[in-house]
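Please walk through this structure with me, one part at a time. Keep the sequence and the 3D view open as you read.

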Amino acid sequence: MNNENEFTGADILLKALKDQEVDTIFGYPGGAVLPIYDAIFGQNFLKHVLVRQEAGAVHAAEGYARSSGKVGVLLVTSGPGVTNVVTGLTDALMDSIPIVCISGQVPSHLIGTDAFQECDTTGITRPCTKHNYLVKDVSKLSETIHEAFKIASSGRPGPVLIDIPKDVQFAKSKYISKKDISFREHRIKAGSKNVDKNFVKELLSHIKKSERPIFYVGGGCLNSGHQASQELIKLVNKTNIPITTTLHGLGCFPGEDKSSLGMLGMHGNYEANLAMNKCDLMINVGARFDDRVTGRLDAFSPDSIKFHIDIDQSSINKNVKVNFHTNTDITLTLKEINSFIDSNNIDFGDKDYSNWWGQINEWRKKECLHYEQGDEVIKPQHAISRLYELTKQKDTFVTTEVGQHQMWAAQYYKFSKPNRWITSGGLGTMGFGMPAAVGAQMANPDSLVIDIAGEASFLMNIQEIATAVQYKLPIKIFILNNEYMGMVRQWQELLHGSRYSESYVDALPDFKKLAESFNAVGVRAKNIAELDDTINEMISIDRPVIADIWVDKKENCFPMIPSGAAHHEMLLSKYDKENPENQEKGKVLV
Amino acid sequence: MSSTSVYPTPINAFKQSKRSVLSVIVDNEPGILARIVGLFSGRGYNIEALNVTVVDVKKNLSRITIETLGEEKVISQIIAQLEKLVPVHSATNLANLSESYEAEICLVKIEFENEEQDQKILNFADIYRSRTVQKRQNIVVYEISGTSERINKFLDDLDTIGGIKVELVRSGPIGLGI
C-alpha cells in the first residue's frame, strides 16, 4: 500500500504551493486544518505567519499581493475560520486582488450533519470569490490548486477559495505538477491577447481631432503590471494629454508630474473633476465608472466621446455607455498605441492642447487642496503632507484604513510608482490597513511600510499588532486621531443637521501605552511643534511603531462632490453650500 | 371612474423591458446552478423560467436555458456577467441570432363536468394539435408544445370555458440557434 509516488492531501497542498513559488502564507490553525499544519511543521520553504484573527490573514494576503504583484495565500479552518474571512474575500473581489484562500472543512462523511465548526463554505463564499471549490476527491487536489492560482491571477484578478475536507487532507494520491496540467481555456478567462487594431486607429484619429482630451486611469492599469504604467507614461508624454487617476490608479502615473491632475471623484481634485465634465474625449484605461468617480450619472461628462480599455467585458457599458471599447490587456493595447505612433511617425507637435491646458490651469488656481495650518492644532492634511515630505526619499509603501484619513492620504501623499499604495476602495473595509501593512512588510522586508490610519478603523483589527511584533515587522501605524469616525461625522454634518449620532469614539485607549503593552513602540504628537520630530522618531525606530497624531477634531475632507451631485457641483470648502435639491436626492444614496 | 387621458401615457417609453431567452453552456459540476441563480438574485435580475439538463455526457456539458426580462442594456450585462463564471463556456441571447427555434412543453390536466365542456376542450385541443396523454371519465390530460406564447394562448382559450378545473406543469422554454 505504501506507494512512494503517493502523498497525503496535506502534502500535495504543500507541494503545489512550492510549485507555485509561494514563500509566505498567512493563517490560523484549527481542528479541520490540523493535517495541513502538521505538514507545514515538517518543511522549510514556506514561511507561515500566524495572525491573531482570520480577518487579519486575508487582509495581510491582500497587502502581500498588492505590494508584490504575486498571489497572496492564506489558510484558515472550517466554520468561524472561514466566516471571518468573508469580508476580506469580498474586499479582494471588489478591488481585483489575486488571493488564494485554503480552508479546512469537516470530514466528507460529516458534511451536511451540522457537525462542530461546519458551515456551507462554498455556499457562503460563492458570491464573494471569483471562483471556489470543494475538493471531495484527493486525486483532483493538485489540479484544483493549480487551476485556482491560474484563475486568481488571470484576466481581472480576484480571490479564489479551496475548501478541503479533513479526510481529503489525510487521503493519498499522486501529485501532478503545474507543468503537467493543461488548463481549459474557457475556465481561465485570461482575456484576448490580440490587440484590436481598429480600436487603436480610432483612438489615435480621435486624439488628433479632439480639443479637450483626458486620460482616466484606474486599478486595471496596476493589475496589468509595471509595464502598463511605463507605456502609459510614454503615451502621456508623447501626446501631452492630461491624466487623472482613480483611488486605485494612484501611482500608475507619477503624482508630481505636470500632466497629472491627481485623483478624481468624490474627494478628487477640482481640476480633475472639471476636466472630466468638460472634456470632449475620454480615454478610460482600466477604470470601471464607479459611483464614487462618476457622481450623478446623467450629468457625467456629457460632451465626450468615450474609449474604454478593460479586460473585464462586464465593465463595458455597465454604468456608462462608451463609444469604443476593447477587452485586450492594457499593457498590450498601450504598447500597440505607442508603437503605432512611432512607426507611423504621428507627430503631436502641432497639437499641444494649449487652450485646454489654459482652462485646466485656471481651475488649478482654485487650489482645491489648500488648507490653513495654524500654529497649535495639527491639521490632518498637514500631518500627511509632512509625512510625505519626510518619507518620500525612502522606499515606502503606504496602506490605509477607510475614512477621512484615507482620502487625505490619497490627496496629499504623492506616489511615483505603482503598487506602493494599498487601500480598500470598492468595499471600503475599516480595519484593512494594519494587517495589509503586515502583508506588505512580509513581501518587502527592507522597505518602509506605513499604515495611515484613523483611530476608529485601527481598533477594528488592533489584534494584528501582535503579529507585527512576533515577526519583527517594523510597520508604522500613523493614526490621525480626531476621536471621531470622521467621515461618518462629516456626512452627519452635511446631510443630517450635525446630529452626530454614535460617531464620537468614546473611551479610546491610550495608544502609547497600548503599543507598549504589545511590546511595540508608541510615540505621540499633540501639537504642530511636535509633528516633524514625532514622524522622524517613528521612521527611525526599527520596530513596530504606533504614532498617535492628535489632529483637529472638526476638520472635514474637501473638495467633495456630495452624493447625487455632478462633477461640476463640487464643494470646495465648508463655506460652499450644497444645492438643497441635490441634498435631498443625495441623502438616500451611499 | 377615472377619466381617460387626452394623450396616451407612454409606459416604459425609454426602458424597453423585453423578454429574452438565454442559452448557457456550462461544465456540469457541483454548484453551477447555484452560481447562476445567485448571480441573478444578487444583481437583482429576474428569472421567469429556468431549465437545466446535461446535453453531452462525454464532455460533461449542461445547457441551461433562462427566460428573463430586462432592457437590452441589462441583458447584455447579464450575458457579460454569466460569461465571467468559470464553468461557463458561452452565454447567448437567442434573440440575437439570425435564426433560432424555441419550444416549451406543457402538460395540462382538465376536469370537466359535462359533455358540452368536453366538446369545447376537444375542439381547442384539436386546433392546437395537442396530444391526448390520458382520458378517463371526466378527466383528460393533454400535452402541448411550442413557443411559450402558443401555450399561453391555448391556456387563455381554455379559460373561456367556464366551470372546468385545470392543473398544469410547464417546462419553461428551451431553444436552439441554427
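Strand β19(A) runs parallel to strand β20 (residues 545–550) of chain A, and five bridges join the two. Helices (H or I, at least four residues) and strands (E, at least two) are DSSP runs, numbered from the N terminus. Two strands count as paired if DSSP finds at least two bridges between them. One bridge sets Gly522(A) against its partner Ile546(A) in β20(A). The model is a predicted one: local features need pLDDT of at least 70, side-chain atom pairs count only at pLDDT 80 or more, and totals for chains, interfaces and linings use all residues. Residues are numbered from 1 along each chain as its sequence is written, while chains are lettered from A and ligands numbered from 1 in the order in which they are written.

How covered is strand β19 (residues 521–525) of chain A? Four of its five residues are buried, so the strand is mostly covered. Buried here means that 20 or more other C-beta atoms lie within 10 Å of the residue's own; exposed means 12 or fewer, partly exposed is in between, and C-beta atoms are placed from the backbone. From β19(A) the chain passes through helix α24 (residues 528–540) of chain A to reach β20(A), in a right-handed β-α-β crossover. Right-handed means that, with the strands pointing away from the viewer, the path from the first strand over the helix to the second runs clockwise.

Now widen the view to the sheet. Six strands of chain A form an open sheet with parallel pairing, in the order β16-β15-β17-β18-β20-β19. Its edge strands are β16 (421–422) and β19 of chain A, each of which pairs on one side only. Further in, β18(A) and β20(A) run parallel and are joined by six bridges. Asn481(A) has Trp550(A) as its bridge partner in β20(A).

Helix α19 (residues 433–443) of chain A packs on it and touches β15, β16, β17 and β18 of chain A. The direction of α19(A) makes about 175 degrees with that of β17(A). Axes are lines fitted to C-alpha atoms, for helices over the stretch in contact, and angles run from 0 to 180 degrees between N-to-C directions. Contact means that the C-beta atoms of two residues, placed from the backbone, lie within 7 Å. Helix α24(A) lies across β17, β18, β19 and β20 of chain A, and runs at about 165 degrees to β19(A).

Turn next to strand β17 (residues 448–454) of chain A. Six of its seven residues are buried, so the rest of the structure largely encloses it. On one pairing, five bridges join β17(A) to strand β15 (residues 396–400) of chain A, and the two run parallel. There Thr396(A) has Leu448(A) as its bridge partner. Strand β17(A) also pairs with strand β18 (residues 476–481) of chain A, in the parallel sense and over five bridges. Ile450(A) stands opposite Lys476(A) in β18(A).

Chain A holds another open sheet. Six strands form it in the order β11-β10-β9-β12-β13-β14, and the pairing is parallel. β11 (260–263) and β14 (324–326) of chain A stand at the edges with a single partner strand each, so one side of each is left without a neighbour in the sheet. From one strand to the next, the twist averages 15 degrees. Two bridges pair strand β10 (residues 243–245) of chain A with β11(A) in the parallel sense. Ile243(A) stands opposite Ser260(A) in β11(A).

A loop residue comes next. Lys321(A) lies in the loop between β13 (305–309) and β14 of chain A. Is Lys321(A) buried or exposed? It counts as exposed, because it has 11 C-beta neighbours inside 10 Å.

Now look at chain B. Its domain assignment gives domain 1 (18–96) and domain 2 (101–177); such bounds come from an automatic or database domain assignment. The C-alpha centres of these two domains of chain B lie 29 Å apart. Nine residues of domain 1 of chain B are in contact with seven residues of domain 2 of chain B.

Last comes the contact of the two chains. Chain A gives 13 residues to it and chain B gives 16 residues. On the side of chain A that touches chain B, β6 (131–134) and α9 (185–188) of chain A are the elements that give two or more residues.
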